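I opened the model today and kept notes on what I looked up. The entries follow the order in which I went through it.

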Amino acid sequence: MESLKGEKQMNVNKITCASTDKNAAWDNINWSKAEVYVKRLQMRIVKAQKEGKYSKVKSLQWLLTTSFYAKALAVKRVTSNKGKRTSGVDGVLWNTSKSKFEAIRQMKRKGYTAKPAKRTYIQKANSTKKRPLGIPTMSDRAMQTLYKFALEPIAETTGDYNSYGFRPERCTQDAIEQCFNCLSRKCSAQWVLEGDIKGCFDNFSHQWIMEHIPMDKIILQKFLKSGYVEAKNLFPTELGAPQGSPCSPVISNLVLDGIEGLLSDKFKSKHKVNFIRYADDFIVTGITKELLEEEVKPIIEKYLQARGLELSQSKTLITHINDGFDFLGCNIRKYKDKLLIKPSKNNIEKFLLNIREAIRNNRASKQEDLIRQLNPKIIGWCNYHRFNVSKKSFSYIDNQIWNSLYKWAIRRHPRKGVRWIVNKYFHFHRNRNWSFSCDTNTGYIELKHAADTKIKRFTKVASKKNPFDENDLSYFVKRSKNKVRKDVPSTLPLITEIESVV
């Protein structure tokens, strides 16, 4: 307890020095030290949570949310992500070092009031409907990120083992690989319950959240009751957690965590019941359709009802594995007792629609500009599916893109012959004919071919490992060294620093 008080006093001294020192500036903050300091506190929260010392957990959370380093990191997160140029209802942006450093000093619990979010709408995948998105102000985003630092270690400690959405060191491919583990054997379950929660983020019970989420209740209530502005009108928020807020994904996981434990206690190792969730989408495996319909589904419905949620009847289906089902952009199906995971037809068509739209919008652009716009899209989609059975899909994608580019080239030169058009836009490059490529001031550039992507087996994260647990640090260090997802920046240097401090 004395060491805890000492750290509290050290925190106060840091804030005081930062506030009074005239030479203190945003650019002089030691970010490596800040990351290590915050990570250490998060690991101490996990240790106290596992030991059942909940009063110490609260003390450490307070220490973290009042620390200068945590506040600085929170401001850095909201000013370096994709939404850094999008303001809230107050129109304020932190785009200078001075404004960012001033924001750290203004982040105080006392007197804090959350402003309403700016409501906008985004298109839902594979649907004509739109999803509401709330854009908080920069100050609210920073405060939510700050309290997320203190809440996330608890969510990782108490969360379902096979929940993979909105969690550090976990991704969609982990969930897909877990599907393979549960369904690939000849003796695996043959039936799958595809679950979808109706309006998940919009219908969370505020009463349940206030009673069960281990977070500062005053701040939590201000986050939940901040309301939103749409068409210059203010609307209250009586239910849900606004999509677009940094803290909402962690809260949603805490609300939904527990289903896997219920099913495990009820069925144990019998009936081959396995639960896999990503955000509000989940699947449950079982040996019979009746088991999933009459026993598993009622348990889940009752669990969700207590939290103000319900299953979407139109999207919640029970499917045989030989018929296959779509999950996270992939089609999972058995062909003669062999499980294959391929890109789903809907996902392929959505990607091609995006590519064709980009080509159509660049009718008057240079070939070089079009290639530079298409390449990141192709690489990103292929990197997502490179761990699955995707070779045929990649070849099909290449064929469809080539057809669209050929039509694009012909439309640009209606008075030219086919031979002239082909010689201008398609060349022999790297032992390949008909390569859509051109010479530029910076060198030769060509359109990426999806079929060139190498298929690799994904290494799934161990379900019980916690990135905030000091006992699991060595595992994540090793995983970072052997990282197969090269498109994701490695966190190895930070983890190694923390390991050396601990």
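**Entry 1: two buried loop residues**

I began with Ser-87, which is buried, with a relative accessible area of 16%. The model is a predicted one, and I keep that in mind for every entry. Ser-87 sits in the loop that links α4 (68-78) and α5 (97-106). I then listed what Ser-87 touches, leaving aside neighbours within four places in sequence: Val-92, Leu-93, Lys-118, Ile-135 and Arg-141.

Next I looked up Asp-280, in the loop between β6 (274-278) and β7 (281-286). Is Asp-280 buried or exposed? Its relative accessibility is 18%, and buried means under 20%, so Asp-280 counts as buried. With neighbours within four places in sequence left aside, I found Asp-280 in contact with Gly-195, Asp-196, Ile-197, Cys-200 and Leu-256. I also checked Asp-280 against Glu-290: they are ten residues apart in sequence, and their C-alpha atoms are 23 Å apart in space.

**Entry 2: helix α6**

I moved on to α6, which covers residues 138-158, 21 residues in total. From first C-alpha to last, α6 reaches 30 Å, close to the 30 Å expected at 1.5 Å a residue. Where does α6 have a kink? I found the kink at Ala-150, about 35°, shortly before the proline Pro-153. I also looked up burial in α6: 17 of its 21 residues are buried, so the helix is largely enclosed by the rest of the structure.

**Entry 3: the nonpolar cores**

I noted a general point before going on: in soluble globular proteins, nonpolar side chains tend to be buried together. The largest nonpolar core here has 74 residues. Which of its members touch the most others? They are Ile-209, Met-215, Val-284, Val-296, Ile-300 and Leu-304. The element that gives the most to this core is α6, with ten residues.

Beyond its neighbours within four places in sequence, Val-284 is in contact with residues including Trp-191, Leu-263, Phe-275 and Leu-292. Val-296 and Ile-300 are also among the contacts of Val-284. Apart from this core lies another, of 27 residues, among them Phe-351, Leu-405, Ile-421 and Ile-445.

**Entry 4: a three-stranded sheet**

My last stop was an open sheet of three strands, in the order β9-β10-β11, with antiparallel pairing. β9 (325-327) and β11 (338-343) stand at the edges with a single partner strand each, so one side of each has no neighbour in the sheet. From one strand to the next, the twist averages 30°.

I took the strand pairs in turn. Three bridges join β9 to β10, and Asp-326 has Asn-331 in β10 as its bridge partner. These two strands form a hairpin with two residues between them, and Leu-328 in the turn has a positive phi of about 55°.

How many bridges join β10 (residues 330-335) to β11? I counted six, and these strands run antiparallel. Ile-332 stands opposite Ile-341 in β11, and Tyr-335 has Lys-338 in β11 as its bridge partner. The hairpin of β10 and β11 has two residues between the strands, and Lys-336 takes a positive phi near 55° there.

Finally I checked what packs on the sheet. Helix α7 (residues 172-183) does, touching β9, β10 and β11. The direction of α7 makes about 160° with that of β11.

Methods. Residues are numbered from 1 along each chain as its sequence is written. This is a predicted model: local features need pLDDT of at least 70, side-chain atom pairs count only at pLDDT 80 or more; totals for chains, interfaces and linings use all residues. Side-chain values use heavy atoms; hydrogens and water are left out. Helices (H or I, at least four residues) and strands (E, at least two) are DSSP runs, numbered from the N terminus. The expected span of a helix is 1.5 Å times one less than its number of residues. The bend at a residue is the angle between axes fitted to the seven residues ending there and the seven starting there. Buried means under 20% relative accessible area, exposed over 50%, partly exposed in between (1.4 Å probe, protein chains only). Two strands pair if DSSP finds at least two bridges between them. Axes are lines fitted to C-alpha atoms, for helices over the stretch in contact, and angles run from 0 to 180 degrees between N-to-C directions. Contact means heavy atoms within 4.5 Å. A nonpolar core is a set of buried Ala, Val, Leu, Ile, Met, Phe, Trp, Tyr and Cys residues joined through side-chain atoms within 4.5 Å.
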